[in-house]
Amino acid sequence: MLTTLPHLRIRRPSPTTAEFTVTTLPPPTLSLRILRTILIVFRLLLLLSICTVLSSRWLQSPFAQPLDTYPLWPRTWASTDTLWYIAGCLHRSRLGIALGGLAARIPLPLLVPGAATLCYGIALRVHSSESLLVLRGLGVQTSESPRTYLASAATRFIPTEKIQDIFVNEAFRGFEVRYYLVVVVEGEEDVVVVFPGLLPRRHIVEKVWREARECLYEKAPRGGIE
Amino acid sequence: MHPFSVLAIGIFISGYITARWDLVTRLYELAIFAWEYGVVARAAQGFALLTTIFFGIFVPVALVAQKETKLVFLHENSYGGEDPFKLGAGDRLRARQHDGLMRVFWPTDVPKSDRPGVVVGWRNSNLDVFVVAILDDTDPRNVEFHLKAGTLFRNSPYPPAHFYELCGHTSMHVLGVSNVVDPTTADPSWVCARSNPTLQVPIITCPKASSVQIILYDRPQPQGMQYISLNPIALALGDQNGEEGVKSEDQESAEETQERKAKEAKRKLVEKLKLHTITKRIPSARDKALPKIVNQVNWSFELEKTLQKNVGRLGPRPKRSLSVSERVVESAATMRNFVHMQLLDLFAAYVFPIIQKTFIFFLLGHRILAEMLLAVLEFRIKPGSAALKDISATAQQIEIRLQQFCYWPMQYVTLRKRNTNWASITTSHPDYIRFYNSLWLVANDVIIGLALGSYIIEHADWVAEQVNDILRKYTVEALQSSISWLMGWPAGLKLNAELATFLGDLFLWVIDYWSNCVYMLSPSLPKIVWFVGFSSFAGASMPIALVSDFVSALTVHIYSFYLASARIYHWQLTILVSLFHLFRGKKHNVLRNRIDSCDYDLDQLLVGTILFTVLFFLLPTVVVFYLNFAVARMIIIALKAVFDTLLSCLNHFPLFALMLRVKDPRRLPGGIRFELRDTQNNLNSDPNSPDIPRGTPTSVIYFKSIPLPFEVMFQQYFQMAQRIRKHYFSPRVLLCLVTGKFVPPIDRRNLYSLQYSMLPARRATVGEMWRAVSVELSQTRRKSAQRPFNPSMQNWGKRAGNGRARAYH
């Protein structure tokens, strides 16, 4: 529901520059927006509860100071006391007590890795998108969206001089044959696979291949072999 | 022509005619004679013939030739190739690149004013321009002239040849004009830029371009040592490969051979992939310009500074005289400078040389000592055998420190050279990072070592007691108890009691003897601990290396037990295998290296089978002893691996690079990337520009530098881990363990390639260092001699005569 099959989006402001993006993000409709908002709220709530569980576990340990020193609403609004006060309120609430009970019951070697795994799960992106930017005279650039919200996109730029060839190749993957776009880089052992994670269907790959070649290389002067 | 000169010429001609009237009459007669004899008619005929030939033959030939040259240009696509200024003929032909793509590199920090100006930069090829600066309120022809003559760089502090060479041109060019009223007056290959404070990206048009790429770039600050590069910055020294190539075949370990073979196979595959490509594309000038453009980006900031500073030479500009208060401030500043300079000169003339000389002699003395020590550490009895530094961790640690001390002066001298040239030269930046990284690591090491050392010295007795306890408990008692456990049918295993007792007694006897030695050591243990603590004032890595060596020395007995039990186990296993062959009626043919059938006699078979049975039943007893010592040995190896990891962290952690990465990621370039910006909104939302030609589609691209990824910073650690993993966690090692063969320890040279990656393969000799240091010395002396006595005084004297010169220089 939140994702679709990988589909192609092309941005081409001038005939010599094009960006091909393969993404699983569906077109923005109202229902999708509502769903995403709900998801974000759910993730935030989950994060908050994980924090509460961890902090209550910390409070149960003999090293921590009790939070009872912040019973009143602090005078100034923007201070760390406010945070402590809110934390204290959270811990004294019924949900906080329940979470504290939960924290007390789970052994520590299980609690910490579990919390870390959940936090990683919260940070995971729902959609992934991979793109190929073609600039005539400069080269091509592949980029992949990172798996989590914390990292930045990984890009790889290949200058035109180094591009030996661009072609569509096929490979077995499980019980199917996948067609994928490959950039062969001169003087390198490994080829660069475009859209390595999503591996879109053949018609998309073919279209990107045609347009990328047309965009990257100027036409031969006398209309002969290109 | 001026009327006066016309009058003068008229007077001269009339005077000449009157003076030489006879000549004129002769000429008249000659003309009549020629007319009568048909000379004029013949001349007219000749003229007509030549004209026909010219129009009929020469003009078409010239046209055809012109067309052909144009075709050749287009075909090779090398118009305006490597040196556009040399291709003047091509320029006159005005052949346009047939795709009409205009590429403009535009700095993001150009002031967005709406005043007319001249766009100055590099023209890499006809439609490929790199904008460095916009000079406001100037005339393009004038700027072009001054750029060609190089007047704008005449007073620059360092020679301009550097950037001309790196940017690949012999002069800067006028690329176009900005904010002109009438764009039609400009040259057709010029860029017409329009910008105003509301526009994010300037609107760029060019009559010859059919599409435009505007590539916005951020200027790296050369003073802050920021730069961009196509390849990731190399934190390790690059000259290690040469050393590895020299390594002979027999030194190569099995993994390396395997790696090399895999590489060969892959290289062949890559060669095959090349055959796959049918058409070989000749890269155009625009494609080849990228390395040049990277240099131009790096130089852009400094060049713009210089241009803007010297723009006053282009012509008269508005000036303002100083107010009284400003004059007072200036004279006070001059006085202060004067006193300052005097003091500095006194210091430079008398005190500084003495300090410098002493320091250099100290350095050289230290260097000679280091050289002698290094010779001892690197001494090999015969080539290929182990030197002291290959055996002992302490020796290696001392060697690394000495090498670093030897390398620092050389590094410092190279870094000093950076100050005497343009800041945009980026070649020494990795050196800078390496130098300060190693300095910082040593400082850190010493600081941690001071803390550790003072703690150990203060609590020497307690520490000695603990060490003694640990030694007794783990190297003697634990071993003794485990052996006695093995002697008494461990875990319900029915071992052969007699053999177990024999083996156990043997080992226990040796342990008893060893424990006596250890107890003899214990009174002197506080002294040893004190020594280790004292050594840590030289850095925390020293006690770690010492402890690592002590651990190897104090566990020699375990090592020898392991060797002995492995030997016994291996023999027994070999005998069992050959007896098993006998049992089957086969034997191993050594000559052919295969199993042959063999007819044994009955007594042979009988004795062999009995022996096989006996040995087979004795095997478990030997196995448990072997396993016991093998596990102990593995624990010691793991312990030493921990020490080695600690050492490599203390010696080569990329601390400085990490800090730089956090502080200013642009100082650690890891490549480049581009970002396509949306332009449609930008163009449509601007109502003041209805006359944008719709025919020139424009794409706006943002050019960025990628900061070095963390994986690349720690790549050497990954490599080392990979090597260790390949060596110790391979099936071969497991096979060795199972069959009781000796597991060879990993070659220290391999393991420590990381340690040496920060040091040059060959260290400079004492003579070279002396030369480098003395050259540096003489340079500083010359500089101090050349220092102008009082630069502000010169301005002071000039001011009365030429106010403009002061205001704009």
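**Terms and values**

Modeller: In chain B, residues 24 or more positions apart account for 76% of the contacts with a separation of 6 or more. Two residues are in contact if their C-beta atoms, placed from the backbone, lie within 7 Å. This is a predicted model: local features need pLDDT of at least 70, side-chain atom pairs count only at pLDDT 80 or more, and totals for chains, interfaces and linings use all residues. Residues are numbered from 1 along each chain as its sequence is written, while chains are lettered from A and ligands numbered from 1 in the order in which they are written.

Colleague: What counts as a helix or a strand, and how many does chain B have?

Modeller: Both are DSSP runs, numbered from the N terminus: helices are H or I with at least four residues, strands are E with at least two. Chain B has 30 helices and 11 strands.

Colleague: What makes strand 4 of chain B largely enclosed?

Modeller: Strand 4 covers residues 173-178 of chain B. Six of its six residues are buried, so the rest of the structure largely encloses it. Across chain B, 25% of the 809 residues count as buried. In chain A, strand 2 (residues 17-23) is mostly covered, with six of its seven residues buried.

Colleague: How do you know that strand 4 of chain B pairs with strand 2 of chain B?

Modeller: Two strands pair if DSSP finds at least two bridges between them. Five bridges join strand 2 and strand 4 of chain B, so they pair. They run antiparallel. B:Gly121 stands opposite B:His173 in strand 4. Strand 4 of chain B is also joined to strand 5 (residues 191-194) by three bridges, and these two run parallel. There, B:Ser178 has B:Ala193 as its bridge partner.

Colleague: Which sheet has strand 6 (203-205) of chain B at its edge, and what makes that an edge strand?

Modeller: It is an open sheet of nine strands in chain B, ordered 6-5-4-2-3-1-7-11-10, with mixed pairing. Strand 6 and strand 10 of chain B each pair on one side only, and they are the edge strands. Neighbouring strands are turned by 30° against each other on average, direction ignored. Strand 1 of chain B is joined to strand 3 (residues 128-136) by three bridges, running parallel. B:Val104 has B:Val129 as its bridge partner in strand 3.

Colleague: What lies across this part of chain B?

Modeller: Helix 10 (residues 290-310) of chain B lies across strand 1, strand 2 (117-125), strand 3 and strand 7, at about 10° to strand 3. Axes are lines fitted to C-alpha atoms, for helices over the stretch in contact, and angles run from 0 to 180 degrees between N-to-C directions.

Colleague: What makes a group of residues a nonpolar core?

Modeller: It is a set of buried Ala, Val, Leu, Ile, Met, Phe, Trp, Tyr and Cys residues joined through C-beta atoms within 7 Å. The largest has 83 residues; A:Val134, B:Val104 and B:Val191 are among those that touch the most other members. A second, separate core of 20 residues includes B:Leu479 and B:Tyr626.

Colleague: How do you know that strand 2 of chain A pairs with strand 1 (residues 7-14) and strand 3 (residues 129-135) of chain A?

Modeller: Six bridges join strand 2 to strand 1 of chain A, and seven join strand 2 to strand 3 of chain A. Both counts meet the cut-off of at least two, so both are pairs. Strand 1 and strand 2 of chain A form a hairpin with two residues between them. A:Ile10 has A:Phe20 as its bridge partner in strand 2.

Colleague: How many residues does each chain bring to the contact?

Modeller: Chain B brings 33 residues and chain A brings 26. The side of chain B that touches chain A divides into 13 nonpolar, 11 polar and nine charged residues. Here Ala, Val, Leu, Ile, Met, Phe, Trp, Tyr, Cys and Pro count as nonpolar, Asp, Glu, Lys and Arg as charged, and the others, Gly among them, as polar.

How values were computed: Buried ≥ 20, exposed ≤ 12 C-beta atoms within 10 Å, placed from the backbone.
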